[in-house]
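Hi everyone, thanks for coming. I'd like to walk you through a structure that may be new to you, so please take a look at it with me.

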Amino acid sequence: MTRTMAARRPSFIQRAIGEHSVVRRMDGLMLVAVAGLCLIGTLLVWSSTRTWAPGATGLVKKHLLNEVIGVTLCAVVAMVDHRAMRAYAPLVFLVSLVGLALVITPLGATINGSHSWILLGGGFAVQPSEFAKVGLLLIIAMLLAQPAEGSDRPRGLDIALALVAAGITMGLVMLQPDLGTALVLAVITAAGLVIGGVRKRWIVALVLVAAVGVFSVFYFNLLEPYQVARFTAFVDPKVDPRGVGYNSTQSLIAIGSGQLLGKGLFGGGQTTGRFVPEQHTDFIFTVAGEEFGFIGSVTVVLLLGVVLLRGLKVARHCDDRFGTLVAGMIVCWFAFQTFINVGMTIGIMPITGLPLPFVSYGGTATFANLMAVGLLLAIRVRRQSFN
């Protein structure tokens, strides 16, 4: 009997790739799109850094290492039951707050004008605000997933706690200051409230509070000088084309010069000449526009669109509120960040320090993005039905 049962017991490989295995239930289309974006990003980082980075391929090797680590984190998260993550959401959130708090201590470091980093040595640094996105969406999903008794809406206390969690997180981020990340956190919070089904009066009240906050920021001149300059450049890039409007002007030149098919990889004059600042991070879309042209730029946007659509399908077909909330907030996070990044390079949005998901050079951002993909996959493979 024992030998017969042992003979019938599936091997590790059969369990891994069998008909009902986790691997077989992964979203292949999403994985292909993410892999394509990472590949394109690696080529663009190589092109934009090869003329000045140490050893010509120094940053590319580091970027590839970050992607390998990110893929590993993605795989680990995908293997965990997302419903079990609900129990660990408070711990993840608290760890993210500790990271944000450490930034404003002597351990914090300033890079590119933003005091949002912790140096680890060996040329590596971590940006806790990226992990805070994951921590915040998990705690909001945990709080709003349990509806009030006799209702399909979350309890008022849970809504209040979610808002407190969001307020603390955004407050710590604004102390850095990092307006772009704070806006992403605000979008994640708003998405959680809407998807969670809070009553309209909560939404109206929060919109009014946000409006008062925005008015106060401008009325009392609470923005940093460089942030004011970015808004000035957005309103009229020609006001100072060699000063505050330089980034916007050069970005438009780079994208426009690529025309339909682009100048070819390593063939962009704007990229080779380093006319566009931070082209391997915040302005990497300009490299795609110049060297891959309109076709290449649209391809990047379409691949990001595939990730968003597959994420929406995960949220739509999930059989529990926690998973729906997590998936929905991740999609809104990626969508908003993509719109802002692409928009600022083509002149329809103010310049902010938000990288393009899966494409821009970065360590912590790459880890957070791929961990979010892992969450989507974890929800996808454990749903009861997916059509």
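I'll start with the overall picture, then visit a helix, a pocket, a few backbone details and the cysteines.

Please keep in mind that this is a predicted model. The protein has 387 residues, and 47% of them count as buried. In it you can find 15 helices and 3 strands. If we take the contacts with a separation of 6 or more, 71% of them are between residues 24 or more positions apart.

Let's go to helix α8, which runs over residues 179-196. Its 18 residues reach 25 Å from first C-alpha to last, close to the 26 Å expected. Its buried residues include Val 184, Leu 185, Ile 188 and Leu 193, along with glycines such as Gly 180 and Gly 192. Now look at both sides of this helix. After the helix comes Gly 197, with a positive phi near 80°.

As a reminder, most residues other than glycine have a negative phi, and most peptide bonds are trans. Which residues other than glycine have a positive phi here? One is Glu 278, with phi near 50°, and another is Phe 358, at about 70°. Glu 278 lies in the loop between α12 and α13, while Phe 358 lies in the loop between α14 and α15. Are they buried or exposed, or in between? Glu 278 is partly exposed, at 32% relative accessibility, whereas Phe 358 is buried, at 6%.

Next, the second largest pocket, with a volume of about 450 Å³. It is lined by 17 residues, and those closest to its centre are Val 92, Phe 131, Val 134, Leu 138 and Met 371. Which helices supply at least two residues each to this lining? They are α4, α5, α6 and α15, and α5 gives the largest share, with 6 residues. By class, the lining has 15 nonpolar and 2 polar residues, and no charged ones.

Finally, the cysteines. How many disulfides does a search of the whole structure find? The number is 0. For Cys 74, the nearest cysteine sulfur belongs to Cys 38, 9.3 Å away, and a disulfide needs the two sulfurs within 2.5 Å. Cys 74 is buried, with a relative accessible area of 9%, but Cys 332 is partly exposed, at 28%.

Technical notes: Residues are numbered from 1 along each chain as its sequence is written. This is a predicted model: local features need pLDDT of at least 70, side-chain atom pairs count only at pLDDT 80 or more; totals for chains, interfaces and linings use all residues. Side-chain values use heavy atoms; hydrogens and water are left out. Buried means under 20% relative accessible area, exposed over 50%, partly exposed in between (1.4 Å probe, protein chains only). Helices (H or I, at least four residues) and strands (E, at least two) are DSSP runs, numbered from the N terminus. The expected span of a helix is 1.5 Å times one less than its number of residues. On a 1 Å grid over the protein atoms alone, a cavity is a set of points where a 1.4 Å probe fits but cannot get out, and a pocket is an open set with protein on both sides within 12 Å along at least five of seven lines; lining residues have an atom within 4 Å of a point. Grid points are joined across faces, edges and corners, and a volume is the space filled by probe spheres set on the points. Ala, Val, Leu, Ile, Met, Phe, Trp, Tyr, Cys and Pro count as nonpolar, Asp, Glu, Lys and Arg as charged, and the others, Gly among them, as polar. Contact means heavy atoms within 4.5 Å.
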